[in-house]
Every structure is written in structure tokens, then in C-alpha cells.
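The sequence and model come first.

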Amino acid sequence: MPHTLPAILTHPPRRRLGHQTLILNRDGAVLLVATTYKTGLILPGGSAEANELPHLAARRHTETETGLALPLRHILATDYVDARNLPEGINFVYWGGRLTSSQEDIVARHQPPATITALHWLHPHQLPDAMAPDQHRRTTHALTALTRGIHLPFLLRGTPAE
């Protein structure tokens, strides 16, 4: 006899899944983007499409915005955002790595899409003045996790993502 699934499983609530990437340059500055749709600077990233693997959504957005195709295998922070102007959401911050000089050159030469007005490298002490409070808190927690060596592997059905 087939099992009847609870309604919460067959009709789950609508949630946004955001995927951002924390990237540092050789000097320890954080890569941030200025957009046409947000006040303040944000980490590169965006929402996943239907049936898009989460780490690949982060990679796609990061590559589109910065020119960098990075292996995103570890999560530094997760952040729940309640419903206000948008449906409730969960944001994942992936560790993109500390860039080499050639990767920094890629960022410097990259032409992002029209929704990205600029790319910026800011040191952690500059973040409070450049980011919205929620974005700053999320980024600070991700930086703290990185400093402490704390991260979660991103798994696909129990296997580390590639």
C-alpha cells in the first residue's frame, strides 16, 4: 500500500534560495558587487532556478558577475530571511577562495551584465559603511567562520559536490 505524504511535503511553502560567494584577494579584501536593484554592496550571487543544483547556481551567478568559475564546495554561513517585500528565503554563503594574481586579473578585465554597475574590493573594516546591515552581518559571520576554520561541506545526496 502506498504511503500518503503530508501536505507540507507535497505543497511546501514558497521560499527563495539565495546563493552568494565569499571571495578574497591576496590582500584579504572581499569582492563585492554594486547592483541596479539593491542599496549597498553585496556578495556575488543570486537565486537558483527550478531544479538547479544550489552550488551550480552560486557558481553561475558568480561567473556571470565576476568572470570567475570557482569550485564551490563549502558553505560558510546560512541566513534565514523572513518575508517582507519578497517571499521568505534562505541564503547560503559559499567559500570561493583566496584568488591568485591571474584570477584577480580576470575580475579586473571582466565586463559584468548591465544589472552589475561595479565590482569592488573592500577590506573587512570597510564593510559596515558599504553594505546594508543584513548583508554586512551575513558577510561578517562568513568571514568569522572562515577565520576559525569552520565550514560545512556541500553534499549532493550525501556525496561531496564537485
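Glu 162 touches His 55 and Arg 73 when residues up to four places away in sequence are not counted, a contact being heavy atoms within 4.5 Å. The model is predicted: local features need pLDDT of at least 70, side-chain atom pairs count only at pLDDT 80 or more, and totals for chains, interfaces and linings use all residues. Residues are numbered from 1 along each chain as its sequence is written, and side-chain values use heavy atoms, with hydrogens and water left out.

Glu 162 sits in the segment after β9 (159-160). Helices (H or I, at least four residues) and strands (E, at least two) are DSSP runs, numbered from the N terminus. Glu 162 counts as exposed because its relative accessibility is 76%; the classes are buried under 20% relative accessible area, exposed over 50% and partly exposed in between, with a 1.4 Å probe and protein chains only.

**Salt bridges**

A salt bridge is a side-chain nitrogen of Lys or Arg within 4 Å of a carboxyl oxygen of Asp or Glu. By this rule there are 4 salt bridges.

| Pair | N to O distance |
|---|---|
| Arg 60 and Glu 49 | 4.0 Å |
| Glu 52 and Arg 60 | 2.7 Å |
| Arg 138 and Asp 79 | 2.8 Å |

Glu 49, Glu 52 and Arg 60 are linked in a network of salt bridges. Arg 60 pairs with Glu 49 at 4.0 Å. That pair links distant parts of the chain, 11 residues apart: Arg 60 is in helix α2 (residues 54-66), and Glu 49 is in the loop between β3 and α2.

The salt bridge between Arg 138 and Asp 79 has an N to O distance of 2.8 Å. It joins helix α5, which holds Arg 138, to strand β4, which holds Asp 79, and the two residues are 59 residues apart. Arg 138 is buried, since its relative accessible area is 5%.

The loop between β3 and α2 also contains Asn 51. Asn 51 is not a glycine, yet has a positive phi of about 65°. Most residues other than glycine have a negative phi. Asn 51 is exposed, with a relative accessible area of 83%.

**The largest pocket**

The largest pocket holds about 730 Å³ of space. Of its 30 lining residues, Arg 16, Lys 38, Asn 91, Gln 135 and Arg 138 are the closest to its centre. Two or more lining residues come from each of β1 (16-24), β3 (45-47), β4 (74-81) and α5 (133-148). By class, the lining has 10 nonpolar, 12 polar and 8 charged residues.

The terms are as follows. On a 1 Å grid over the protein atoms alone, a pocket is an open set of points where a 1.4 Å probe fits, with protein on both sides within 12 Å along at least five of seven lines, and lining residues have an atom within 4 Å of a point. Grid points are joined across faces, edges and corners, and the volume is the space filled by probe spheres set on the points. Ala, Val, Leu, Ile, Met, Phe, Trp, Tyr, Cys and Pro count as nonpolar, Asp, Glu, Lys and Arg as charged, and the others, Gly among them, as polar.

Ala 142 lies in helix α5 and counts as buried, its relative accessibility being 0%. Leaving aside neighbours within four places in sequence, Ala 142 is in contact with Leu 22, Leu 76, Ala 77 and Val 93. The C-alpha atoms of Ala 142 and Trp 95 are 8.4 Å apart, although 47 residues separate them along the chain.

Thr 35 belongs to strand β2 (residues 30-35) and is buried at 10% relative accessible area. Its side chain reaches the backbone nitrogen of Tyr 37 at 3.3 Å, and a polar atom of the Thr 35 side chain lies 3.0 Å from the backbone nitrogen of Lys 38. Polar contacts are pairs of N or O atoms within 3.5 Å; within protein, one must be able to donate a hydrogen and the other to accept it, and residues adjacent in sequence count only if both atoms are side-chain atoms. Beyond neighbours within four places in sequence, Thr 35 is in contact with Ile 42, Thr 115, Ile 116 and Thr 117.
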